[in-house]
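Please keep the sequence and the model side by side while reading, since the paragraphs below move from a pair of helices to the sheet and then to a pocket.

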Amino acid sequence: MLQSITKLIVMVLLVTAFTSCNQGPTLQTYYVDNELKPGFMSFDAPTSLINVEGVEMTDQQRVAYNSVNKLNVLAYTLSDSNFKDYELELEKIKLILKDTKYEELMRGSSGIDGKFVVKFLGDIDRIDELIVFGNSKDKGFVIARILGDNMNAAQLMSLRTVLEDFKFEDSQLNGMKEFFK
């Protein structure tokens with residue numbers, strides 16, 4: 001009797017392990033798998049890397065800034081020689097973002113500059129991960145994962161004006177700015 005209970009428990013644990021590990025690709029695994037590959041550029045940055053000491057912020061903006069812990073960025077730079085690879089990688093990202101666990105916050109498009117989508121994991125008022133994905137047929141694509149605790153979508157959107165005033169030239173993020181030129 002004890003032996004059959006033990007076998008049952010082991011079987012349940014194995015099934016649980018296999019089903020929880022086999023959830024398909026995620027942005028995190030895509031990032032890790034590609035961050036060092038040719039054509040890709042990546043960086044991980046804590047929010048402390050962005051010095052906002054001299055930037056005026058409202059209380060709402062300060063709460064939003066403090067709710068963010070880390071920024072992961074992965075970009076694929078398009079060239080004449082890697083267009084087919086770009087299309088393949090773009091489809092992989094789109095497939096990952098189709099997963100229903102990623103809730104859409106907004107999307108936009110410009111016939112000239114490309115497309116973007118903002119998605120998140122968690123609740124709208126308590127976001128665990130905000131994902132900004134943009135692509136351009138002449139530059140490539142970028143995926144930014146903003147990780148934090150109880151981030152609020154409206155508060156995060158208020159940070160846009162802070163970023164407009166931020167001097168990227170004086171920071172370690174200047175290299176990523178070149179991608180968007």
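At what angle do helix α2 (residues 27-34) and α4 pack, and how far apart are their axes? This is a predicted model, in which local features need pLDDT of at least 70 and side-chain atom pairs count only at pLDDT 80 or more, while totals for chains, interfaces and linings use all residues. Residues are numbered from 1 along each chain as its sequence is written, and side-chain values use heavy atoms, with hydrogens and water left out.

The two helices pack at an angle of about 155 degrees, with their axes 10 Å apart; axes here are lines fitted to C-alpha atoms, for helices over the stretch in contact, and angles run from 0 to 180 degrees between N-to-C directions. α2 and α4 are therefore roughly antiparallel to each other, a term used for angles over 145 degrees. On the α2 side the contact (heavy atoms within 4.5 Å) is made by Leu27, Tyr30 and Asn34, and on the α4 side by Glu89, Lys92, Ile93, Ile96 and Leu97. Helices (H or I, at least four residues) and strands (E, at least two) are DSSP runs, numbered from the N terminus.

α4 also lies across β1, β2, β4, β5 and β6, running at about 155 degrees to β5. These strands belong to an open sheet of six strands with antiparallel pairing, in the order β1-β2-β6-β5-β4-β3, where two strands pair if DSSP finds at least two bridges between them. Because β1 (40-46) and β3 stand at the edges, each with a single partner strand, one side of each is left without a neighbour in the sheet. Within the sheet, β2 (residues 68-77) and β6 (residues 140-151) pair in the antiparallel sense over nine bridges, and Ala75 stands opposite Val142 in β6.

α4 returns in the second largest pocket, to whose lining it gives six residues, the largest share. A pocket is an open set of points on a 1 Å grid over the protein atoms alone, where a 1.4 Å probe fits, with protein on both sides within 12 Å along at least five of seven lines, and lining residues have an atom within 4 Å of a point. The second largest pocket is lined by 17 residues, of which Tyr86, Lys115, Asn135, Ser136 and Lys137 lie nearest its centre.

Definitions and conventions:
Parallel < 35°, antiparallel > 145°, perpendicular 65-115°, else oblique.
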